[in-house]
Amino acid sequence: MSTTLTRATAAAGHPRHVPQPNTARRTRRPNWPAGIASVFWLVIVVVPIYWILITSFKTQANYFSTNPFVPPTEPTLDNYRLVIENDFVGYFVNSVIVALGTVVPAVLFSFMAAYAIVRAGNRSWFLRGTNWLFLMGLAIPLQATIIPVYLIIIRLRMYDTLLAIILPSIAFAIPLSVLVLANFIRDVPKELFESMRMDGATEWGTLWHLAFPLTRPALVTVTIYNGLSVWNGFLLPLILTQNPDRRTLPLALWTFQGQFSINVPAVLASVVLTTLPILVLYALGRRQLLSGLTAGFGK
Amino acid sequence: MTALAPPAPRRSPSATASGGRSGSVAWMAVPALAMFVAFGVIPLLGVLALSFAEWDGIGQIRPAGFESWRAVLTDPGLPHALWVTFLVMALSWLVQTPLSLLIGVFLAGRQRYREILAVIYFVPLLLSSAAIAITYKALLDPNFGLGAGLGIPLLTQDWLGRDALALGTVIFVVSWQFIPFHSLIYQGGVRQIPGTLFEAAEIDGAGRVRQFFNITLPQLKYTIITSSTLMVVGSLTFFDLIFVLTAGGPGDATRVLALDMYKRGFQANLMGPASAIAVILVLVGLALALLLRRLGGRDGGASQLEGA
């Protein structure tokens, strides 16, 4: 029903909706190969997720005896209880600290750098060089630098602290963040900068009062994107920490799996619990993230 | 990748006139630069230096000349790791690109149900590689996994226990994780194609298939290059997924370069050879990025970015 409605409006072709005419035409005939591929991949995506969810509520006995796609006959929360009793909260707090400690400075620094590069990148050799370095950073698999990072962290006496994860994570997040933010700041009409200058605003004031509000969508995108990769990061915590008290969620997940490998429902409950916060954020910021990502990479 | 083809700066006269002295903004780039130099550039130089040293990860670091390089370059493990890395890269590209393209074209339609599909497609990207690997390990277990539970012999293979199957499984799981992301990139690309092109083709009587090959694909050239670069360079860093899923096994069947580096460095405590592998990893990444940029064509930049 709603589909027909959308179709009708789309076909009517409001001239004001700029992107519409293209899609209005495309909806008239079904695109079979693309449709089939989409449905096929939808099934592939949904089946494991569905399986994770229902299995995490099964008892172990139930898991071995029932059809994997049938919901639990006697749903239980025991698996979740087991995960939470195994210090889940501590790992969760660690992950939150690492994520916030990384994302806030990374986005702030990247935003400032992107602003400087857009504003004066043509004239300053320093900013041109900085920009070039960041672009190189995108082409290089930064994981390859992990051994010297490990050495530096040891020398700074930060091994086995959360800061050891945070500092390299900030550095790794900067190149892409600067690129995406610079692309957005570049779209701010030059006249606005000019009039700010006429009003006697400093560059610092212009950054906050003009560029910041106008690039907010990009900032949200970059924040979510970086937050996601830090939250899910595995290599840095694996190499730079050791004490179970410093574990972040992905690492905890891995050790938990080693400990309880036979208890599949419990392992899957831990998968659900570690992903839950991200799912909540996704539900809140989805539109922002999806449109921001396509805009950031589509350019 | 977009990254390597920075947008041509728009030199409107007012832009160059405004802004005053560059010194007044340049300092704003300093915090980001300092962080990146400290934990990006210096380690990058450090890894080159360490490849000429001997270090067990704890004790003294001693210069060792070409020792590590000789060890690494004569080790049959290196060509094997390179080959496995190449296989993962090429096969996952081959699986992901056509599917992502088709799904991206489909998702570019603005019907409500397609938006809902896009929401679901994105979910795998929210899961950590560790979570995905753990899930598939349980799901594919020949004794207790999906196949056994459903009683389908075809699904009860020892997916992670046989060389070719394990490699195939890795490629499948990689695709499961990343096709959604690339579909979204293509969705954005398709939506930027001017509708008038399709209208003109329609008037000329071009069918959907011809429109796809003569308009959609050529218009998506840069999107394809962006997506391919991310896929190819990204595939060099599939560490966590493979580490948790197969740990490189069975045997060395899925031991990609990144995993080879980790195992030599942090399990065998041979930081010198591990650094040499890391240098190779960096060189491969750079070479691929430059190659793909070449493919993008010199005329690149301007025409593509005009609409952006």
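Begin by selecting chain A and colouring its two parts separately, since an assignment that is automatic or taken from a database divides chain A into domain 1 (2–65) and domain 2 (82–298). What is on screen is a predicted model, in which local features need pLDDT of at least 70 and side-chain atom pairs count only at pLDDT 80 or more, whereas totals for chains, interfaces and linings use all residues. Residues are numbered from 1 along each chain as its sequence is written, and chains are lettered from A and ligands numbered from 1 in the order in which they are written.

**The two domains of chain A**

Select the boundary between the domains, where seven residues of domain 1 of chain A are in contact with seven residues of domain 2 of chain A; contact here requires that the C-beta atoms of two residues, placed from the backbone, lie within 7 Å. On the domain 1 side of chain A, α3 (32–55) and α4 (60–65) each supply at least two of the residues that touch domain 2, and α3(A) gives the largest share, three residues. That side of domain 1 of chain A divides into three nonpolar, three polar and one charged residue, with Ala, Val, Leu, Ile, Met, Phe, Trp, Tyr, Cys and Pro counted as nonpolar, Asp, Glu, Lys and Arg as charged, and the others, Gly among them, as polar.

**Each chain as a whole**

Now show chain A as a cartoon: it has 14 helices and zero strands, where helices (H or I, at least four residues) and strands (E, at least two) are DSSP runs numbered from the N terminus. Of its 299 residues, 48% count as buried, a residue being buried if 20 or more other C-beta atoms lie within 10 Å of its own, exposed if 12 or fewer, and partly exposed in between, with C-beta atoms placed from the backbone. Among contacts in chain A between residues at least 6 apart in sequence, 72% join residues at least 24 apart.

Switch to chain B, which contains 16 helices and two strands, and in which buried residues make up 47% of the 308 residues. The corresponding share of contacts in chain B, again between residues at least 6 apart in sequence, is 70% for those joining residues at least 24 apart.

**Between the chains**

With both chains displayed, select the interface, where 105 residues of chain A are in contact with 104 residues of chain B. On the chain A side, helix α14 (residues 264–298) gives the most, with 16 residues. By class, the side of chain A that touches chain B has 66 nonpolar, 25 polar and 14 charged residues.

**A helix pair in chain A**

Next pick helix α5 (residues 78–120) and helix α11 (residues 216–231) of chain A, which pack at an angle of about 140° with their axes 9 Å apart; the axes are lines fitted to C-alpha atoms over the stretch in contact, and angles run from 0 to 180 degrees between N-to-C directions. Residues of α5(A) that meet α11(A) include Val98(A), Thr102(A) and Phe111(A), while those on the α11(A) side include Leu219(A), Asn226(A) and Trp231(A). The contact of α5(A) with α11(A) has ten nonpolar, six polar and no charged residues.

Stay on α5 of chain A and find Asp87(A), which is placed in that helix. Its phi is near 65°, a positive value in a residue other than glycine, and Asp87(A) is partly exposed, with 16 other C-beta atoms within 10 Å.

**Helix α7 of chain A**

Move to α7 (residues 146–155) of chain A, where the buried residues are Ile146(A), Ile147(A), Pro148(A), Val149(A), Tyr150(A) and Ile153(A). Their cover comes from both chains, including α8 (162–186) and α12 (235–240) of chain A together with α3 (30–50), α14 (257–267) and α15 (271–295) of chain B. Just after α7(A), Arg157(A) takes a positive phi of about 55°.

**The nonpolar core**

Finally, select the largest nonpolar core, which has 171 residues, with Ala113(A), Ala116(A), Ile174(A) and Leu281(B) having the most contacts inside it; such a core is a set of buried Ala, Val, Leu, Ile, Met, Phe, Trp, Tyr and Cys residues joined through C-beta atoms within 7 Å. The largest share of this core, 18 residues, comes from α8(A). Domain 1 (2–65) and domain 2 (82–298) of chain A both give residues to this core, so it lies between them. Centre the view on Ile174(A), which, leaving aside residues up to four places away in sequence, touches Ala106(A), Phe109(A), Ser110(A) and Phe134(A) in chain A and Ala32(B), Met35(B) and Phe36(B) in chain B.
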